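Colleague: I am new to reading models like this one. Could you take me through it, feature by feature?

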Amino acid sequence: MRIKTLVLVMLSAVMVFSSAFLIAAEPMTQTQVDAIIKNLDSKTHFDGDYKAVALTHTINREKGETVQKIAIYRRDADDRLMLLFLQPKSDAGKGYLMIDKNFFSYEPSTGSWTRVSDERVGGSALNRSNFNGFEFTNRFDGKFVAYEKLGKFEVAHLTLTAKEGVDTDEAKVELWLETKDFNVLKQQDYALSGRLLRTTYRLNYQRLSDASGKEQLIPMKSIVKDEVEIGNETTMVLEQIDTQPLAENIFTKAWLESKSR
Amino acid sequence: MIYFTIAFRNLLQAKRRTLLLGTAIGMVTFLQVLLQSVGNGYMENLEEGTTALTSGHVNVLGLYKMSHGKMTPFMRDGDKILELIKQSAPEKIEKVYLRNGGPGRLIGDFNSRVALVQGIDYDEEVGLQQTLVLAKESSYVEGGRDEAFGDISKVKEPNSIVLFSSQAKTLGVKVGDEIAYRAFSMVGINVTTMHVVAVVEDVGAISSFFTFMSRTTVAEAMNLSEDVSGNILVYLKDKYQSQEVMSKIRDTLTENGYSLTEYEGLSIVKRWGTVERQPWLGQKFDTVTWQDNVKDAEVIVKSIDALSFVLLTILSVIIGIGIINTCWISVQERSNEIGCIRAIGMSSRAVLGLFMLESLMLGVLFSTLGALLAWAVVLAVSHAEIPIHSQALSLVLFTNKLNLSLFWQDMVSAIVIFSTITGIAALFPALRASRIEPIQAINAAH
């Protein structure tokens, strides 16, 4: 299975890199677009486990500024995600756990678990996708728009439209990818009504190797601007990234509950 | 009859004493009736608010679970259910309305708030049309004009929303502005731009949580298919038959193969977590009456009742002591008179009756006057439509205008209670008076 994945990734990478030489002259073909999207999913998903600490700074127009420190635990093979709030003291012990596509929030003061939406993790502008890898291939159809300039970067602009019958919060996603490694620099999510929901900037990509030796690219800094509640914004910086195997019991409710006892 | 004449003349003879005691009795009765009318007015506002805005007299809510632990307020085949409900008690049901909706977030330029959106068919819902009144701009905009703007009926137009005054104030919007509506639906979240077509006066605390759009707008915002709705509001000819009609509705739905949640006599808001955790999947229906929905708020009425009980008990004791004292003095002063009437043949029982009658007449007369005065005040206040300027108070009282409500039963019971208290208070001095021997009374007078 791993060899198959590796071959697929390598093939996608070859297609992506070969396409890079053509971009200056011609628009992308649909095959190239599909390959880029597939590669985006692949290179942001780890074959093994992943652990990191996120420092977030949120500006909320109603609640003011907050800084949070969150431990992130991921096991992409099983679609598992655990977020444990470490700081500030008032949030310490709170957390989120994803089990079978359901996202649960834990409140240690009451010991209660609540099923929540993917949005506004810990009251920030971040949603679950900011902690996970991309999941575009099965949910969206991509289309090339144009080569554009994003600040000093040459970027390829793609539009992803939700596939028929797929349940997703975003009906449309616009991506701006730098043309060397095709990393997403800017992302805009649109609601079903066509309204712009949020803009995300992903910066400072860093290469990592996961447990299988597969090379990953992780944005060390993300800036998420809420485009509905204008003024709400969160900046997230990742540190202490570790791809060593995690303990089996981490992705359980009991583990999170034990952290606040 | 002679006893009535004697008792009445005795009251007239001691004018000052009668007037002072009577005023005290009248004022206590007045207070009791007025407090009762405050409680009644509150319950009236609450009932009108909840029944017209959210629940009807009987509410049938659709609950749908796609997976364990995730319940949504959706109902399939709403039109079919509506017809079944109509047929369940046609002689008792006046109107039935289908609504859709669910929780969402209203987002203004500076603030946001969570609200339960109700998708309505405006032309159908006559009761709601009567309840919603356009609010003056000054009530929700700092320095706004003293005129009401907007058109509630425009809620029928696509992407239109009607806000309550307190919501508009929090969001910082006025008629004609736009807000974002973040709808939480079964398939995720959708954000739609809404036009504020009207801002209406608050109808108590409930106004903070509810808002209105057309059913079509809600369906589009929540990405619901045409056959999906939320709840059915049943209005009855006699709202006090809600339990009976609800039982019939439950029987009809069960007979037609629909599953229902267990009836617990509590609003679904209080039971949501418990029902969500129950191990069933698919569609179920939940039924509640308007009484179930206002149960929590009855605490406020009970508090008013408890306060008035304590207050009136203290006042009744004071009045009772006053009456005992006055009657005692009266017995002392009139011992000569008592001796004479006993000497010419009046029995001790008749003397007891005379004193008791005197006291009862005093009680009935002045408590009636007190109750009538309270009634006049209630009428005047209701007619004057006195506005409540405090937002907190208006939210608690479920109205923007002071509303007092009085039933004749309240007046009669107050009169009976205070007349009885007066009578009981006079019993001891009257007994003493009846036991005086004629010779003893005449000697004591000399």
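**Reading confidence first**

Modeller: This is a predicted model, so start with its confidence. In chain B, the element with the lowest mean pLDDT is helix α13 (residues 391–397), at 64. The highest mean in chain B belongs to strand β6 (residues 160–164), at 95.

Colleague: What does chain B average in pLDDT?

Modeller: Chain B averages 85. Of its residues, 94% score at least 70. The model as a whole has an ipTM of 0.71 and a pTM of 0.71.

Colleague: How do I read a helix?

Modeller: Start with the general idea. An α-helix has 3.6 residues a turn, so residues three or four places apart point the same way. Now take the case here. Helix α1 of chain B covers residues 2–13, which is 12 residues. From first C-alpha to last it reaches 16 Å, close to the 16 Å expected at 1.5 Å a residue.

Colleague: How many buried residues does α1(B) have?

Modeller: One among its 12 residues. α1(B) is hardly covered.

Colleague: Where is Ile300(B), and what lies across from it in the chain?

Modeller: Ile300(B) is in helix α10 of chain B, residues 298–333. Ile300(B) counts as partly exposed because it has 16 C-beta neighbours inside 10 Å.

Colleague: Now strands. In which sense do β4(A) and β5(A) pair?

Modeller: Look at direction and at bridges. Strand β4 (residues 95–99) and strand β5 (residues 102–107) of chain A pair in the antiparallel sense, over five bridges. Met98(A) stands opposite Phe103(A) of β5(A). The hairpin has two residues between the strands, and Asp100(A) takes a positive phi near 50° there.

Colleague: What pairs with β5(A) over four bridges?

Modeller: Strand β6 of chain A, residues 112–115, again in the antiparallel sense. Phe104(A) stands opposite Arg115(A) in β6(A). This hairpin has four residues between its strands. Here Gly111(A) has the positive phi, near 70°.

Colleague: Is Phe182(A) buried or exposed, and why?

Modeller: Count the C-beta atoms around it. Phe182(A) is buried because 26 other C-beta atoms lie within 10 Å. Gln240(A) is exposed because its count within 10 Å is 10. The cut-offs explain both: 20 or more means buried, 12 or fewer means exposed.

Colleague: Where is the cis peptide bond in chain A?

Modeller: Read omega. The bond from Gln87(A) to Pro88(A) is cis, with omega near 0°. Pro88(A) is in the loop between β3 (80–87) and β4 of chain A.

Colleague: Last topic: the interface. How many residues of chain A are in contact with chain B?

Modeller: The size of an interface is often given as the accessible area lost when the parts come together. Here we count residues instead. In chain A, 15 residues are in contact with 17 residues of chain B. The chain A side divides into eight charged, four nonpolar and three polar residues.

Terms used: Residues are numbered from 1 along each chain as its sequence is written. Chains are lettered from A and ligands numbered from 1 in the order in which they are written. This is a predicted model: local features need pLDDT of at least 70, side-chain atom pairs count only at pLDDT 80 or more; totals for chains, interfaces and linings use all residues. The expected span of a helix is 1.5 Å times one less than its number of residues. Two strands pair if DSSP finds at least two bridges between them. Two residues are in contact if their C-beta atoms, placed from the backbone, lie within 7 Å. Ala, Val, Leu, Ile, Met, Phe, Trp, Tyr, Cys and Pro count as nonpolar, Asp, Glu, Lys and Arg as charged, and the others, Gly among them, as polar. pLDDT is the predictor's confidence in each residue, from 0 to 100.
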